[in-house]
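Me: Please take me through this two-chain model by question and answer. Where a term has a cut-off, give the cut-off once.

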Amino acid sequence: MSKPVLQIENLSKNYMLGKREVSALKNLNLTVNAGEFVAIMGPSGSGKTTLLNVIGCIDKPTSGQVLLDGIDVGKMPENQLYKIRRDKMGFVFQTFNLLPYLNARENVELPMEGKGKSKAEQRKRASELLAMVGLSGREGHRPQRLSAGEQQRVAIARALANNPAFILADEPTGNLDSQNKAEIIKLLANLNLSQGTTIIMVTHDSQAANHTERMLLLKDGKIVKEKAGLHLAKKNNKCPNCGSSVQRTDEVCPSCKKPIFQTEELFST
Amino acid sequence: MNQTLYNDINNSISGVAAVEPILQASEGSNETVSMFGRTFTRQLTSYTIEGIPLTSDLIDNYPVLSTNVTAGRNLEAGDSGVVLLSENNSAYFGVGVGDTVSILGQGFTVVGIHGTSSASDRLVLYMNLSDAQAVTNNTGYITSLRVFTQTSDLVTQVSTAISTLHPELTVTTGQERLTQLDSLQSTYNTALESAQASIGQTQTTALEEIIVVVAATSLIVLFVMLYTVRERTKEIGTLKAIGFSNSSVMGQFLLEGVLLSVIAGAVGIAIGTLAAPTLSALLLPSVNLFGVTGVRVASNVASTAVVSVNLEIVLLAFGASVALGALGSLYPAWRAAKIRPAEAMKYE
């Protein structure tokens, strides 16, 4: 059994909103194992962003334990936390957040700065990662010369730069049209399959969430529902629609002729 | 005046110790100057001949000769056909000790050169009185008499006696000469003081301007950098989220501020170097020793007091700009370091 990269136990997070204390997370438990592709869903005010911030070492828990790759980050001071963010996780943002005056390769090199790698090593690694996300030959392009989908690919390559324990993606498809959305989800799914990349995706996009292997629904600061997604079936080489055996590379199920990537409303709210 | 006056005063007034008859004559040219649409003629004195009687009695007992001979020898009793030139004369005639100089068409041997002890004897060459009378065609005439009294308390009495005997003469006592000189001196001093005060005021103004400029520069850097940090909040948040430490973010912004200042400093020094001569003429006060407002005088002064750009000033200016850049970016850089990684998640 693969080891957990994220273990959250009895996590509570309270905010002071004026003089009123607001409870954003209430005794939340969550474990993500290495190699999983997880979606955290929930409506606005469900505590989604708070959970993302706690996992991303941006907010500290009020109580409870957060273990990242076995390290307790709950009580860690800021002058240590930046190293956790740099080494243990790779952030992917809704708005891509590439530095506009750096080209694709330089953007991917950014997290490697301060890791003691030579410039040549950084270049090599960046080029490999860009090739992995399907952008070889576009290393020298600045973000404004790349499409939105391409920018998000660069951001994913950047997230992978330091070989993190998991990718933490915040609405990675929120700023993309449907075609690019499918491309990015496919890319993340393929990275998960081929590289074993652990992905935690926070989203309110049920279509995108549908294509992960495990969907968690957050409501009022608690995980209220958990369901298997289409990706799990694909990982297990089974068609999610008819259950017959499929190849990983198949776009369409050979027996029921339905596309394996299909849209389906999971959580009817 | 007629030289016979000499005997008159020497013999008929009691208390007189000696009388030195002097003949002074100036040689020069006229120069025409056009100024403010009008034409002025001014006389330029090339040299002044001063003839003094070279008798051993006068030379040995009274201060009649120059006391500051810098080359050759002084005039001696009985000298004739020789001159003692001033340094200025020497340059004017282009002659030195031992040379023959032609004065009003007559040759004289230069026996010595005197250094000037006052502005008034700058152009004076000394020779025997009779030579001076001959060469200026003034035989038997003198221009002034210098009367030495037996004791200093007799000065007033003798001067009154001379005035009574010869009302047509202007009598000036040593005391009066001294007072005149004092007055002249004080005029110069006043002019000098006002010039110094003017320069001092310029320096104070310059200092005030420097303080204002320094403060303004720091504030501009501060506000520009604060604006930059604000504009780039999301970028900074991203850097923090992908693992940049507070100190490296702060360092980057400090570096950016300093680099901007280095560029600004280089540009400023280039402009300053090019513009300094023009600016100096505009900024320096028009120092005028004679209290006369004149464009000509002012421009002369400005051209001699050019604001020079030397290496020291350039380095100082450069260092100051870098230091101000660092100072001005300190707070913005600190603000940048404090930006939370959560800013990267904001969607606008």
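The questions below go from the conventions to the contact of the chains, then to the sheet and the helix pairs.

Me: What kind of model is this, and how are residues and chains labelled?
Reply: Residues are numbered from 1 along each chain as its sequence is written, and chains are lettered from A and ligands numbered from 1 in the order in which they are written. Local features need pLDDT of at least 70, side-chain atom pairs count only at pLDDT 80 or more, and totals for chains, interfaces and linings use all residues, since this is a predicted model.

Me: Which helix of chain A gives the most to the side that touches chain B?
Reply: Contact here is defined as C-beta atoms, placed from the backbone, lying within 7 Å. By that test 18 residues of chain A are in contact with 17 residues of chain B. Helices (H or I, at least four residues) and strands (E, at least two) are DSSP runs, numbered from the N terminus. With four residues, the helix that gives the most to this side of chain A is α2 (residues 78-88).

Me: How do the residues on that side of chain A divide into nonpolar, polar and charged?
Reply: Ala, Val, Leu, Ile, Met, Phe, Trp, Tyr, Cys and Pro count as nonpolar, Asp, Glu, Lys and Arg as charged, and the others, Gly among them, as polar. On the side of chain A that touches chain B, the division is seven nonpolar, six polar and five charged.

Me: Why is helix α1 of chain A largely enclosed by the rest of the structure?
Reply: A residue is buried if 20 or more other C-beta atoms lie within 10 Å of its own, exposed if 12 or fewer, and partly exposed in between, with C-beta atoms placed from the backbone. The buried residues of α1(A) include Leu51(A), Leu52(A) and Val54(A). Helix α1 (residues 48-55) of chain A is largely enclosed because its buried residues number seven of eight.

Me: Which strands does α1(A) touch where it packs on the sheet?
Reply: The sheet is open, has four strands in the order β2-β1-β4-β5 (chain A) and is paired antiparallel; strands pair if DSSP finds at least two bridges between them. Its edge strands are β2 (20-33) and β5 (71-72) of chain A, each pairing on one side only. The direction of α1(A) makes about 125° with that of β1(A), and the strands touched are β1, β2 and β4 of chain A.

Me: How are α5(A) and α6(A) oriented to each other?
Reply: Axes are lines fitted to C-alpha atoms, for helices over the stretch in contact, and angles run from 0 to 180 degrees between N-to-C directions. The axes of α5 (residues 148-159) and α6 (residues 178-194) of chain A come within 9 Å and cross at roughly 20°. Angles under 35 degrees count as roughly parallel, over 145 as roughly antiparallel, 65 to 115 as roughly perpendicular and the rest as oblique. The two helices are therefore roughly parallel.

Me: What is the hand of the crossing of α6(B) and α10(B)?
Reply: The axes of α6 (residues 174-231) and α10 (residues 311-337) of chain B come within 8 Å and cross at roughly 30°. A crossing is left-handed if the near helix is turned anticlockwise from the far one by less than a right angle, and right-handed if clockwise. The crossing of α6(B) and α10(B) is right-handed.

Methods:
Two residues are in contact if their C-beta atoms, placed from the backbone, lie within 7 Å.
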